Amino acid sequence: MPKLNVNGKVLDHTAEPDTPLLWVLREQLGLTGTKYGCGVAQCGACTVHVDGRPVRSCVLPVSAVRPAQKVTTIEGLSPDGNHPLQKAWVQNDVPQCGYCQSGMLMTAAALLKDKPKPTDAEIDAAMTNICRCGTYNRVRAAIQQVATGQKSAGLDIVHVVRSAA
Amino acid sequence: MKNPIKAALNRREFMASSAAGALVVGMHLPALAQGVAAGSAAGTTPEINAWVVVQPDEKVIVRIARSEMGQGTLTGLAQLVAEELECDWAQVTTEYPTPGQNLARDRVWRSFGTGGSRGIRDSQDYVRRGGAAARIMLIQAAAESWGVPVADCTVAKGVISHAGSNRRTSYGKVTGAAAKLTPPVAASITLKDPKTWTLAGKRLARLDTVEKTNGAQVYGTDLKLPGLLNAAIKDCPVFGGKVRSFNAAAIARMPGVKKVVPVGDSAVAVVADTWWRAKKALDALPIDWDFGAHAGVQQADINAMLKAGLSAEQAAVGNRNGDIQAALAGAVRKVEAVYSYPYQTHATMEVMNATARYTPQRCEVWAPTQNGEAAFAATVEASGLPAAQCEVYKLHLGGGFGRRGGTDYVRQAVAIAKDIAKELPGTPVKLTWSREEDMTQGRYHPITQCKLTAGLDAQGQVTGLHMRISGQSILATVAPQSIRDGKDPVVFQGLNDGGGESMIGYTFPALLIDHAMRNPHVPAGFWRGVNLNQNTVYLECFLDEVAHATNQDPLALRRQLMAKHPKHLAVLNAAAERAGWGQPAPDVKGQKVFRGLAQCHGFGAYVAACAEVSVSAAGELKIHRIVAATDPGHTVNPQQIEAQVEGSFAYGLGAALYEQCTVKDGRIEQQNFDTYPILRIHQMPKVETVLVPSGGFWGGVGEPTIAVAAPAVLNAIFAATGRRIRDLPLGTQSLKKA
């Protein structure tokens with residue numbers, strides 16, 4: 001049975017070799033945080049990391065991912081949603097509908113790993129993901145907040161600690 | 001009239017069915033903990049009223065009838081309820097009531113419709129009364145238990161106090177007693193003055209953010225149910241065409257395939273264990289189409305059809321004053337221009353989808369929908385079951401923008417589940433469209449052209465304006481019964497004389513705005529901003545043309561025409577002043593920066609924008625900065641309004657610069673984002689939002705600003721280049737200096 005190393009676990013699947021990694025993650029492994037948006041590597045909603053590099057999983061055949069390669073999805077970006085970018089996303093109320101945000105976060109995480117202090121031009125070049133709600137300015141602000149170590153990007157949002165669900 | 005369903009289900013039964021429904025959801029969908037599932041959290045706790053459940057552990061569940069699709073309505077409505085309820089905001093969660101429950105309870109939650117920027121403004125009064133009524137009952141329960149007058153009790157953050165006896169209790173402790181009390185008459189409740197608000201009107205963080213940053217948010221496409229099958233669908237690419245035949249045997253042995261299902265007379269679906277296998281099999285399925293009567297229609301045919309409407313004798317009048325014929329006949333000079341606006345598609349990031357489960361006794365649907373009740377009605381109709389045997393569960397939407405007010409995908413899902421139920425009754429089937437299906441089976445922003453003629457006197461003053469719109473009516477597609485005498489009133493958004501919803505901000509000595517309806521075969525739909533978008537391009541760019549033709553400052557000309565429209569003018573002034581209109585904009589990297597203005601009123605709110613752009617010698621456009629002003633009357637969450645205003649420029653500028661669907665051989669040519677580009681981060685300007693709420697009315701926020709994005713930038717492009725862009729989108733039109 002074919003195997004994939006996803007979020008630190010070795011998992012079996014039964015997908016045909018030409019199945020895009022996206023659909024193996026979503027339909028065989030139950031990891032639905034990674035989204036389908038276009039199927040042609042245009043929108044970036046399906047972005048995951050393979051050995052730390054961002055890839056568009058909707059066009060990557062699962063057979064092209066070797067069992068030794070490490071796949072990371074949004075569910076594995078941090079143990080409990082505390083990656084600095086996830087925290088900055090929350091602090092800046094970045095998401096609107098939220099559908100593109102897994103891909104945005106995975107792309108941004110790979111960018112900051114590569115370039116901890118990206119310029120605006122480097123953010124532009126890396127963050128080619130489509131957001132139909134238009135959260136781009138808050139995406140940029142949240143990335144810059146993490147890159148510069150600021151506490152807040154100045155949006156003056158009141159956060160109230162919510163009781164445990 | 002007696003409601004049989006209401007008679008069948010009393011309140012106690014609702015509670016029981018609610019808990020049972022929640023249990024089903026809870027068992028199958030542990031990840032559905034947000035949104036829908038607060039319902040499961042409610043468990044058997046009786047509600048205080050339809051809007052509020054307080055649990056013994058102090059958690060407050062606010063029921064939200066409108067859909068959350070990114071616009072922030074979920075949080076805003078919860079703020080309004082919590083404001084009147086006087087509960088602890090940290091304890092607030094939300095849940096969607098279902099359309100079936102709404103019907104059974106005589107529409108206690110009223111409309112579920114989420115469109116037209118109406119989510120908050122249409123429901124604010126009764127949701128606030130719901131919160132206030134619950135507060136009154138909770139305090140009354142405490143007062144009665146203490147045997148003291150209600151008037152002597154106070155409440156703050158869910159803690160009720162009686163100063164005279166120094167006693168305190170909490171909402172969670174009295175919730176059971178409060179639920180048994182007779183509710184106060186809604187009309188007798190005095191709502192708080194917005195000036196005293198402590199939760200509403202504040203810059204609170206959204207309630208739905210964390211799940212959207214860790215992959216936990218469950219959208220319709222993510223739904224998991226036991227035994228779930230998946231369907232991929234292909235509808236006839238030419239609108240109005242049909243399926244002649246298909247060869248199911250050719251794909252029957254492909255992996256995972258369960259069944260090939262005809263859907264209506266125009267579509268075929270493949271049902272398989274996974275969606276990827278269903279889609280692969282569908283792509284391989286031989287389908288013989290009867291493309292029908294429109295297979296020969298080309299974009300040029302549609303353009304010519306609309307062009308003829310520009311000079312047609314018959315036209316429906318939207319706004320008229322004075323004698324326009326005389327004004328134009330007597331004009332010393334005329335300015336005339338023809339504009340056009342294309343078909344555009346919503347392209348929600350989450351493609352259309354719905355999950356249905358059918359047995360001869362019950363049909364359930366899980367759907368991202370902007371109108372739960374319309375989805376419910378579609379479920380009833382498509383299933384053929386009585387309403388009491390149907391239900392729809394809503395999920396947060398991965399974008400709506402008007403597309404999900406439609407129910408085509410719900411009907412398809414029910415038809416497929418019903419067919420599958422012949423062999424496998426009760427097997428849920430999730431229908432997911434491909435992006436290609438999404439782009440080619442849209443309900444498109446209507447296509448129009450507009451001819452504008454202004455008469456001028458010897459001093460260059462405007463003596464009359466004729467605005468002839470030719471083109472498609474949305475209502476002709478979605479609600480033809482509401483068209484009277486060939487007039488679709490929605491066509492005139494932003495151009496009406498009064499009414500409070502979408503009013504023109506100018507007064508002309510003579511004015512005629514009329515519409516020659518021309519409906520091509522391509523289905524039209526409500527597309528975020530709707531007809532305000534192109535109407536504002538037409539009017540605001542043309543007034544800019546008039547200003548330049550008469551050597552007037554575009555702001556000065558507007559101010560003169562807006563003297564009788566002080567609220568429009570105040571917002572325009574706010575944008576112009578913040579941007580620094582009248583002083584030159586600072587250069588950016590050696591490039592001169594130019595400004596353009598636009599304003600409008602729509603969805604009950606006044607908006608304006610000033611755009612700053614530069615255009616290089618090679619004709620490369622850069623949009624550096626947008627200043628956008630908004631007067632929505634009351635503001636419920638200013639930082640969410642800012643988010644909507646920012647997003648409006650992504651949507652509106654993408655539409656102005658890139659987005660266009662074209663027709664070839666009767667079908668839409670663009671199938672994916674490679675041929676239908678969406679604005680991306682490197683093209684996104686800075687946006688400064690100026691909120692100038694004047695109070696006294698409730699205006700919408702999610703849509704109006706979109707309309708000023710394109711004309712503000714197009715007017716700035718003219719200032720920079722002398723080139724007047726009249727056909728949208730800008731696309732590949734040259735911007736080298738004229």
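Guide: Let us start with a pair of residues: Val53(B) stands opposite Ile61(B) in β2(B). Please keep in mind that the model is predicted.

Visitor: What makes β1(B) and β2(B) paired strands?

Guide: Pairing requires at least two bridges between two strands. Three bridges join β1(B) to β2(B), residues 60-63, so the pair meets the criterion of at least two. The two strands run antiparallel.

Visitor: Why are β1 and β3 of chain B said to stand at the edges?

Guide: The sheet is open, and its three strands follow the order β1-β2-β3 in chain B, with mixed pairing. β1 (52-54) and β3 (92-95) each have a single partner strand, so one side of each lacks a neighbour in the sheet. On average, neighbouring strands are turned by 25° against each other, direction ignored.

Visitor: Which helix packs on the sheet, and which strands does that helix touch?

Guide: Helix α4 of chain B, residues 73-85, touches β1, β2 and β3 of chain B. The direction of α4 makes about 125° with that of β3(B).

Visitor: How is the packing of α11(B) and α12(B) described?

Guide: Two packed helices are described by the angle between their axes and the distance between the axes. For α11 (residues 372-383) and α12 (residues 408-420) of chain B, the axes come within 9 Å and cross at roughly 35°. The crossing is right-handed.

Visitor: Which residues make that contact?

Guide: From α11(B) come Ala375(B), Ala378(B), Thr379(B), Ala382(B) and Ser383(B). From α12(B) come Val410(B), Arg411(B), Val414(B), Ala415(B) and Lys418(B). By class, the contact has six nonpolar, two polar and two charged residues.

Visitor: How is chain B divided into domains?

Guide: Domain 1 covers 4-191, domain 2 covers 224-292 + 352-432, and domain 3 covers 299-344 + 444-721. Where domains 1 and 2 of chain B meet, the contact takes 21 residues from domain 1 and 24 residues from domain 2. On the domain 1 side, α1 (4-8), α2 (11-28) and α5 (99-104) of chain B give two or more residues. The largest share of that side, four residues, comes from α5(B).

Terms used:
Residues are numbered from 1 along each chain as its sequence is written. Chains are lettered from A and ligands numbered from 1 in the order in which they are written. This is a predicted model: local features need pLDDT of at least 70, side-chain atom pairs count only at pLDDT 80 or more; totals for chains, interfaces and linings use all residues. Domain bounds come from an automatic or database domain assignment. Two residues are in contact if their C-beta atoms, placed from the backbone, lie within 7 Å. Axes are lines fitted to C-alpha atoms, for helices over the stretch in contact, and angles run from 0 to 180 degrees between N-to-C directions. A crossing is left-handed if the near helix is turned anticlockwise from the far one by less than a right angle, and right-handed if clockwise. Ala, Val, Leu, Ile, Met, Phe, Trp, Tyr, Cys and Pro count as nonpolar, Asp, Glu, Lys and Arg as charged, and the others, Gly among them, as polar.
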